[in-house]
Amino acid sequence: MIILPVVVALISFTQLRQSTNCGKSLKAVQIPVKTKDDWSAFARLIITIVGKSIIFYALLTFIPLYWITELQQTEFAGSLALSLFSMAGIFGNLLGGRLADRFGYKTIVVVGCMLLVPIIPAFILIKNVYIATILLLLAGASLLFTYGPTVVMEQKYIPNYVGLSSGMTLGVAFSVGGCLTPLLGSLADALGVGIALSVITIIPILIMIVSFTLKPIEVEPTEKRESKLETTEA
């Protein structure tokens with residue numbers, strides 16, 4: 001039980017650093033022209049975050065039970081699977097942020113959502129523990145692969161409400177999924193863990209469709225950003 005708050009704290013800390021760094025960059029540049037807020041794009045991005053939040057919390061909650069009841073493994077194996085899932089998520093988070101600077105924020109969000117479409121159903125359907133472990137690692141990495149880019153995208157969509165966008169990113173991502181987990185728990189008690197997890201298989205398809213409609217955000221070259229910061233600070 002200790003691992004759940006530790007994982008959430010590590011992920012929240014990583015996202016808070018990214019959000020803070022982005023906020024500092026915006027403050028350092030201090031663009032005088034007031035940009036128009038795109039609330040429609042912001043709302044669509046929130047939908048993708050909510051979808052991934054539900055999947056993330058469902059897996060984080062039921063992985064140990066799934067390992068024991070569906071894959072016939074020990075409690076230790078279930079705890080180990082949960083740890084691997086968490087570590088894969090942290091790795092995916094860092095990797096997604098790095099790749100977003102090179103390939104674009106929307107591209108990473110779309111790819112992250114697309115990867116979940118085959119991974120989540122395959123993970124639930126396949127009963128081989130070794131293949132399930134591989135799929136679990138891919139699921140953990142894919143779920144948090146997009147979190148860094150979404151922080152930046154939300155601040156770009158509503159640049160006049162940077163604090164609100166950061167709060168929505170962190171707050172929604174780590175509260176909506178947790179609020180719905182008890183409902184999945186009730187379903188698991190009635191029909192089994194496998195059936196409860198199968199409910200979330202439709203979510204990747206929905207958020208993938210929404211991700212295609214997101215407004216692209218231009219990635220500014222690192223050299224240009226550093227030049228702007230040096231000029232402003234001077």
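Predicted model: local features only at pLDDT ≥ 70, side-chain atom pairs only at ≥ 80, totals over all residues.

Trainee: How should I describe the orientation of H4 to H6 in words?

Mentor: Angles over 145 degrees count as roughly antiparallel and those from 65 to 115 as roughly perpendicular; the angle here is about 135°, and H4 is therefore oblique to H6. The crossing in which H4 passes H6 is left-handed.

Trainee: Which residues make the contact between H4 and H6?

Mentor: From H4 come Tyr 105, Lys 106, Ile 108 and Val 109, while H6 supplies Pro 149, Thr 150, Val 152 and Met 153. Sorted by class, the residues of this contact are six nonpolar, one polar and one charged.

Trainee: At what angle do the axes of H3 and H4 cross?

Mentor: The axes of H3 (residues 75-103) and H4 (residues 105-125) cross at roughly 130° and come within 7 Å, so H3 and H4 are oblique to each other. In this contact, Gly 96, Leu 99, Ala 100, Asp 101 and Phe 103 of H3 meet Tyr 105, Thr 107 and Ile 108 of H4.

Trainee: Is Leu 45 buried or exposed?

Mentor: A residue counts as buried when its relative accessible area is under 20%; Leu 45 has 0%, so Leu 45 is buried. Leu 45 lies in helix H2, and, neighbours within four places in sequence aside, its contacts include Thr 150 and Met 153.

Notes:
Residues numbered from 1 in each chain as written. Heavy atoms only, no water. Helix = DSSP H or I, 4+ residues; strand = E, 2+ residues; numbered from the N terminus. Buried < 20%, exposed > 50% of the residue type's maximum accessible area, 1.4 Å probe, protein only. Contact = heavy atoms within 4.5 Å. Axes fitted to C-alpha atoms, helices over the stretch in contact; angles between N-to-C directions. Parallel < 35°, antiparallel > 145°, perpendicular 65-115°, else oblique. Left-handed = near helix turned anticlockwise from the far one by under 90°. Nonpolar A, V, L, I, M, F, W, Y, C, P; charged D, E, K, R; others polar.
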